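Please examine the fold presented here, following its helix contacts and then a few individual residues.

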Amino acid sequence: SLVVSSVEPVVVSFPDEEEREMSGIEYRDYTATRILSIPWSKVLLVKLTCMLRELPLDASQIVEFIDCIFGKMKQAEPQDLPALAYQLLLLASKGFKRVILEGILSSFGNLLDEAVPPPGKTPSKGSKFSSEIGRQIK
């Protein structure tokens with residue numbers, strides 16, 4: 001937050017280039033773009049979701065992160081889903097309630113669809129989490 005609001009330029013070293021000066025907002029945008037472009041491991045997904053509330057991002061960047069998180073939730077470990085949902089709900093308290101709640105409902109709805117097969121079909125080999133949700137609903 002101090003860097004973003006700073007009037008003083010920030011000096012940034014790039015691996016293939018010399019040092020370059022950028023404004024605080026340019027540095028924030030550069031950092032957000034870099035974080036979104038790296039591969040996120042399952043562990044990093046939870047940590048970045050937790051950290052997202054503290055980052056001084058603008059609204060469009062937060063929506064990009066939220067979209068990225070929901071896209072990667074499919075690959076998350078079942079035991080990480082409650083922590084992800086919790087962190088997203090905390091973020092929703094700062095705004096973006098509709099986007100976050102729709103994403104959570106959609107993500108868990110997709111898991112539920114996988115866990116509860118249509119009548120007459122045998123259940124697919126889903127995650128323990130999906131199976132547990134399906135069992136609890138029945």
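In helix H3, Leu 45, Val 46, Thr 49 and Cys 50 meet Ala 83, Leu 84, Gln 87 and Leu 88 of helix H5, where contact means heavy atoms within 4.5 Å. By class, this contact of H3 with H5 has six nonpolar, two polar and no charged residues; Ala, Val, Leu, Ile, Met, Phe, Trp, Tyr, Cys and Pro count as nonpolar, Asp, Glu, Lys and Arg as charged, and the others, Gly among them, as polar. The model is a predicted one, in which local features need pLDDT of at least 70 and side-chain atom pairs count only at pLDDT 80 or more, while totals for chains, interfaces and linings use all residues. Residues are numbered from 1 along each chain as its sequence is written, and side-chain values use heavy atoms, with hydrogens and water left out.

Two packed helices are described by the angle between their axes and the distance between the axes. The axes of H3 (residues 42-51) and H5 (residues 81-92) come within 9 Å and cross at roughly 15 degrees. That angle makes H3 roughly parallel to H5; angles under 35 degrees count as roughly parallel, over 145 as roughly antiparallel, 65 to 115 as roughly perpendicular and the rest as oblique. Axes here are lines fitted to C-alpha atoms, for helices over the stretch in contact, and angles run from 0 to 180 degrees between N-to-C directions.

H2 contributes Arg 28, Asp 29, Ala 32, Ile 35 and Leu 36 to the contact, and H4 contributes Gln 61, Glu 64, Phe 65 and Cys 68. By class, the contact of H2 with H4 has five nonpolar, one polar and three charged residues.

Ile 69 also belongs to helix H4. At 0% relative accessibility, Ile 69 counts as buried; buried means under 20% relative accessible area, exposed over 50%, and partly exposed in between (1.4 Å probe, protein chains only). Leaving aside residues up to four places away in sequence, Ile 69 touches Trp 40, Leu 45, Thr 49, Leu 52 and Leu 88. From Ile 69 to Val 46, the C-alpha separation is 8.9 Å, at 23 residues apart in sequence.

Gly 103 has its place in helix H6 and is buried, with a relative accessible area of 12%. The C-alpha atoms of Gly 103 and Gly 71 are separated by 9.5 Å, although 32 residues apart along the chain. Tyr 27, found in helix H2, is partly exposed at 30% relative accessibility. Its C-alpha atom is separated by 7.3 Å from that of Val 10, 17 residues apart along the chain.

Phe 96 lies in the loop between H5 and helix H6 (97-115). Most residues other than glycine have a negative phi. Phi of Phe 96, however, is near 65 degrees, a positive value in a residue other than glycine. Phe 96 is partly exposed, with a relative accessible area of 25%.

For the chain as a whole, the protein has seven helices and two strands; helices (H or I, at least four residues) and strands (E, at least two) are DSSP runs, numbered from the N terminus. Along the sequence, these elements follow the pattern α-β-β-α-α-α-α-α-α. Of the 138 residues, 30% count as buried. Residues 24 or more positions apart account for 51% of the contacts with a separation of 6 or more.
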